[in-house]
Each structure stands twice: as structure tokens, then as C-alpha cells.
Amino acid sequence: MDCSAEESEIRRALEPLEGIRSLGFQLGARTLKIDAEDGVLPLALDAIRKAGFDPQPVSTAAHTQGGQGRVFRIATMDCSAEEAEIRRALEPLGGIRSLGFQLGARTLKIDAEESTFPLALDAIRKAGFDPQPVASSEGGQAGGAADDHDHGHGFAGGITRLVAALVFATGAEVLSFFAPDQMVWKVAGMAIAAVAIWLAGIDTYKKGIAALLRGKLNINALMSVAVTGAFLIGQWPEAAMVMALYAIAELIEAKAVDRARNAIKGLLELAPEEALVLGANGSWSATPVASVAIGATVRIKPGERVPLDGKVTKGNGAINQAPVTGESIPVDKAPGDQVFAGTINETGELEFEVTALSSNTTLARIIQAVEQAQGTRAPTQRFVDRFASIYTPAVFAIAVAVAVLTPFLMGLTWLEALYKALVLLVIACPCALVISTPVTVVSGLAAGARRGILIKGGTYLEDARLLKAVALDKTGTITEGKPKLVKWQVWGAGDESAIQLMAASLAARSDHPVSKAIVQGLEAQGPEAESFKALPGRGVEGWVNGARLVLGNHRLIHEQGLCGPELEAELAIHEKQGRTVTLLADESRVLALFAVADTIRETSKQAIADLKALGVTSVMLTGDNTATAKAIAAQAGIDDARGDLLPEAKLDAIKEMQKRYGATGMTGDGINDAPALAQADIGFAMGGAGTDTAMEAADVVIMNDDLQRVAETVRLSKRTHAVLWQNITLALGIKSVFLVMAVVGTATMWMAVFADMGASLLVVGNGLRLLRGTRVEPAAKAQPAQPKEHAHSH
């Protein structure tokens, strides 16, 4: 499937603009859907008008809701030959609501009634196309023979047909070598060669003629002219063999490219098609996941995959979340914990309440985001496309010059000159060059997704290697974001066991996060506290075993006159370490101190070291006090820590870092840090699994909370960029050698085909290397977790 000339012109007009997320062409309706940032849309319309088109807005509720999609009718826009064929094939059918062609992704989306859909696929196949299903999280069904460069092979008619073509081409070669030089044998050889060319090249000829009628020089047009010319000047055995080999190489290349493009589609198979759902009558029944409503109760047994996103309501078990978050170690789940579709229940039977429809699970959103990212063009890809648009006509012009001038300049016969020109036509195809970038970018995106790194587009995949600094939010990014009891001690004389039970009695009655951390840390259950009441902003009080006790903060103890110099000094030590101290006291004295802190993640220290090894400076930005920020930064290995920052101040800090260091990334939770994430060159959202806001706010989403994935993104970017330029160098180098050989040497059409397809297969294989080594490995262990602050006042 190829783009029409009008679509190509519009795409070229919009290429210089940043902020265009996707373009969609609606078959039959002559409409163009532009999904772009608000400020970019007027610029896009101006660019389209300058290209000679008159876009008129179309009012459709489906496309104007939320200001996301904009649809414009372009009266002069015509369908390509392939699209027109598909439309004609589907015209007799009723029940087809709409057809959509996705630019850049070479996909056809069919919105049809259930009974009509199989008939539509049959009609498309009878028209000579091979629609392959594409994973779609939007609930629609799509099909298309896809390719990111201009081969347009559509799998070349199948293996059987190509094997037959190769047999006939071999027969033509044998006759040319061994048959007597008689007209009857020549006619027989030409007939056999013609059959081989027809079997292998009928699709190529159809697309080539359509391209020539549109004035477009793609590989189909060049091969059609070259093979026909070779046949007419008497090189019919070579013409037959060249077309057969070309078609076979195309098939191999198509399979390889699909492996890259569809690498993420395997995730779809992770979520089961049915779920065991609790019915209104109390019985359990297997139900298609598409029919399960939010709020339904689902049961999963050990060894089964989770069918939908939800929250555990009953049972305990360990879930392998590697498919979604990239974590290699199973995560323990208990009532209240989230589970994600596609993950594996390894131990224990669980019941959970469904929190998202099958079309909106975390897994579905990952697949959708990767598909959208595959449709975007990276900077190198845009450069290669522009270069190829100049390269092909230039070599075609050289071929014409060779055919016309070499008989005069080099003393060649006209047949020899024409043969050299035909060889140049085959070399003129920029296949290897054009295909080198999309297959590499898509492989990089898929490799990241397999590791729980969701990159929103090729631009961010390429640009991550340029980062010189990364700003890091503290709570939930460097730290766990959950307070823990890190130390407690009896103050003065007293029975440690009795004091532990008294503190547990009061803390158990409070719902404050600090109190909960004390209860969990003490692991004790005291007697029921009586006359319990909360003291807002200070703590709680109650009677335990006949004694009036308070459990509160520094302010409460100070107001009760129980602070002394020694206690103040002890409290200062804890506060410098970023800890929140809660004190237990009776009416006359302080009985114990409880230090609570938000602990640093095990992986944070190693993550900072990894970034430093890559030459990336880490800076902590937090709303907590500066003393707390510096204490945590010291544990993590960060030299620059800035505290007491409001969201606006974080935004200013990012701007300052961009001036000081250059390209700057921001890592946060995607919600409170939204302004800074938007200002940064690349925004990393942590813990995107199950978080809609994080998925939307950032350029890169780390699906789990492992900060080491940021450095891994930079490394993946560096590898992708290196492979991109390896491929470009290989493609141009091989082409240059054979171009010179064709003009001044003895390059044959065989050699030209091997050079073209050999280079294409070489760069595809090189790009696919990025998919290797993406199996999830255990994260490197950092130093033991150290205590840190929590900003709650008790």
C-alpha cells in the first residue's frame, strides 16, 4: 500500500513542524485528520495551504471532543491506486461504516459490522492484497500490507508462486546456455522467461505502472522499466532471474521488517480472551474480556494470566509483572493492591475488582502508545527521507545520460549503453537507505517497551543520548514515597516492652501515615486506648492502662513543657537526617522517641552512578526542606540538591539547568511535576503502570519505579543512534561502489539486484540487533537502604 501523491505532498509540507502527533487520511471522504498540539494546528493549516490545498474544517463530534482530533476536507485529494482498488472491491458490500488509512503506518482500519468484516477481508484478498491484522487497543480492527519504504510488495504473492518463478527463470538460463542458436529455442526461452517475470513480477508491474502514471520513481517503477528494457534488448534470461530474485528478496525483507514492527504485538497475546467472572447469582462463569464491566469480580488461579486491570479484594499471591513493568522479581499482592492485564499469577488464588475495560487496560495503553510512536518520524528518518527524494531522481538522470552519452564518449554500442543505464536504474532504488531508519527506530521502541520503558516516539528515542543533566524529584522517585519507622528508643528510665505496647495502642487508633508507620514498625499490639482523641497538627492522646498518654510531634511536647536541652539536641540530630520524630509522653516526662522517614529506594544509588558514568549530571529538586533534601541526596550520591521548591520554582530550575548544562531531562511522577516535565527536553514519568496522568504527561514512561531505567534509556538511545548511522553508511557505501562500477566498470544487472537487496537485508538485520538482549534481567543491587525524612507533621 502506497501513499497518494497528494498525501505525500501534504506530509512533506508538514515535516518541518514539531508537535504534530499523527495524520490520518479517511478513504472515500477525502478528509485529513490532524492530531497536533493547539499552537501547531494553525501553522499546519498554513503549510498545507502553501502546498496548494484548501483544507475545510469538518464538524464531527467524534473528532472535536476535547480538542484532540481535527478533521479537514480536501476536495482535490485523490486515493492512490492501491487504495482505489480496495475501495472498489468493498463498494458492493453493505455494513461498512468507514475505512481509514493511517499515514506512516501503512495500515487500513476497517470499521464494519461483525458479519460484514470477514466478507470485507475476502474481497480485499480477491483484489490481490494480503491484509494482516495489526494490534489495536482502540477496539477497532485493522489490516494492511505494510511497509515503511516504497517497495510496496505485499508479500509478493506467496512462497509457492515465487518458487515456480525461480524454476522458470532457471529454465530460461539453461536454455540460453545449452540450447542451439535457433529461433524456435529463442522463442521458447523468451516464453519461459516471460512466465517467470509474470509469476514473480505481476504485482511489481501493477504498482510500477501506477507510480509512473503519477510521475513517481519508486522501486516498482524502476524495476518494471529495467526488466522490460533488458527483455527487449535480448537479455531475457537475466531479466527473468533478476525479477525472481528481487521478489524473493522482497519477501524475506518484508518478513524481517514485520518482525520489528510487530515485536510489541506479542504483548496482545499475554492477556487471556476470557475471564472467570462472579455472576449476580453467585456462580462463576467464563466471560469474554470485552464483555466484562468495570466493578465486576474476577478470579485468577495460580499459573493463570491476569485478564484485566483491577484491585485485589481477596487472597494473597505473587504476580510476575515483567510484561508490563519490566520487573524480573514477582511482586507480592494482597487486598488493596493493583494487578495488571497480561501479568502472571504465580502463587495463590486471587479475586479482584475490575478497574478498567479491556480496551483501556495498562497493557492496551502501552500497545497503543508504541503503535503511535512507530508512526512518528525520528530526526534521522526525516533526513533520510529528504535525501532519498533527491537521490533517486539524480541517479535516474545519470542513467539517462549514460544511455545517451556513453556511445559518443566511451565508444559503446547503443545496446551496451542501454544495458548500463538499465543497471543504473536498479541501483537507483534507495531501498536500503530508506528502510534502514524505520526498522532501527521501531526495534529500539520495542526493545524499550519489553524492558518497561515506554518511549513516546522516535524523536525522544534519538534525543535521549544528548542529555547532559537530569532533574530528579525526591518523593516517589529517589525515595519509596512511603514513611517507615527507621529508629525508636526509650528516653530515660522505663520498661521497653511496656512502652512499646503503650505506643502501639495509641498509634493503632490513628489513621495518620506516620502513626501507621509506627504501628507497622513496632509489630506489637497493645491494649485498647480509651478516651482517645486527635490533637490536630500535634498528635493524639488517650488513656492506656489507667495512664494519660500523648503521642505527638515536637510542638506538642514543647507546649506541654516536657522538652529539655538534651532532648532538643537529640531531636536536632534526627531532623538533620530528614526524619520526622514522634514522641510518647505521660503527664510528667517523655517516655520514647520514634523516628519515621521516607526511605531511599534500593536502586537509586546505582541509578545515579549509572547516569554519572554516562556523563549525565543528576540534580535533586524537591518541595521538602533543604536539610532533608541534602540528607537524601548524600545517600543517593547526588551532589546538587535543591529544596523548598514549589512547582513553579522547579520549572525555573529546569530552565537554569538547560542554560548551564544543555539538554536536560526531568524525572517525576507526571502529576505534580507537570510544568517541569513539559519544560524539560525529555520528561520521564515514574511508575506509569496504572497511572493515566503519567502516561500522558511525559515523553518517556518508566512503567515501574526503577530509576535505573533512565540511564538504560540513554544507553538504548546511544545504541539506536549508532546502528542508524551504521546502516546509513552501509547503504550509501554499497550504493556508491556499484554506482561507479556501473558507469565505468562491468557491473551487471544481477550484481545491481544483489547490491540493492543485499544491502537492504544487511541493514534490516543490523537494525533488528536492537531487539536482542531485551529479556528482563534482575536489577543490580545498590547499597542497603538508608533512612530519610517524611514531611508530615504529626
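**Entry 1: R601**

I looked up R601 and found it buried, at a relative accessible area of 11% (buried is under 20%, exposed over 50%, partly exposed in between, with a 1.4 Å probe and protein chains only). I note that the model is predicted, that local features need pLDDT of at least 70 and side-chain atom pairs pLDDT 80 or more, while totals for chains, interfaces and linings use all residues. Numbering runs from 1 along each chain as its sequence is written, and side-chain values use heavy atoms, with hydrogens and water left out.

R601 sits in the loop between β25 (590–600) and α21 (604–613). Helices (H or I, at least four residues) and strands (E, at least two) are DSSP runs, numbered from the N terminus.

I then listed what R601 touches, not counting residues up to four places away in sequence: G476, T477, I478, T479, E480 and D705 (contact means heavy atoms within 4.5 Å). The R601 side chain reaches the backbone oxygen of T477 at 3.3 Å.

I checked the length of α13 (residues 414–427). Its 14 residues should span 20 Å at 1.5 Å a residue, and its end C-alpha atoms are 20 Å apart, which agrees. The expected span is 1.5 Å times one less than the number of residues.

Of the 14 residues of α13, 10 are buried, so the helix is largely enclosed by the rest of the structure. The buried ones include Y419, K420 and V423.

I followed V423 next. Leaving aside neighbours within four places in sequence, V423 is in contact with A742, A747, T748, M749 and A752. In the largest nonpolar core, of 49 residues, V227, V423 and M749 touch the most other members. Such a core is a set of buried Ala, Val, Leu, Ile, Met, Phe, Trp, Tyr and Cys residues joined through side-chain atoms within 4.5 Å.
Elements giving two or more residues to this core include α9 (236–261), α13 and α27 (749–768). The most come from α9, with 10 residues. Another core, of 34 residues, lies apart from it, with I453, A636, I682 and A711 among its members.

**Entry 2: a sheet**

In what order do the strands of the open sheet lie? I read β14-β13-β16, 3 strands with antiparallel pairing (two strands pair if DSSP finds at least two bridges between them). The edge strands, β14 (331–333) and β16 (344–347), each pair on one side only.

I found 3 bridges joining β13 (residues 317–320) to β14. The bridge partner of I319 in β14 is V331.

How values were computed. A polar contact is a pair of N or O atoms within 3.5 Å; within protein, one must be able to donate a hydrogen and the other to accept it, and residues adjacent in sequence count only if both atoms are side-chain atoms.
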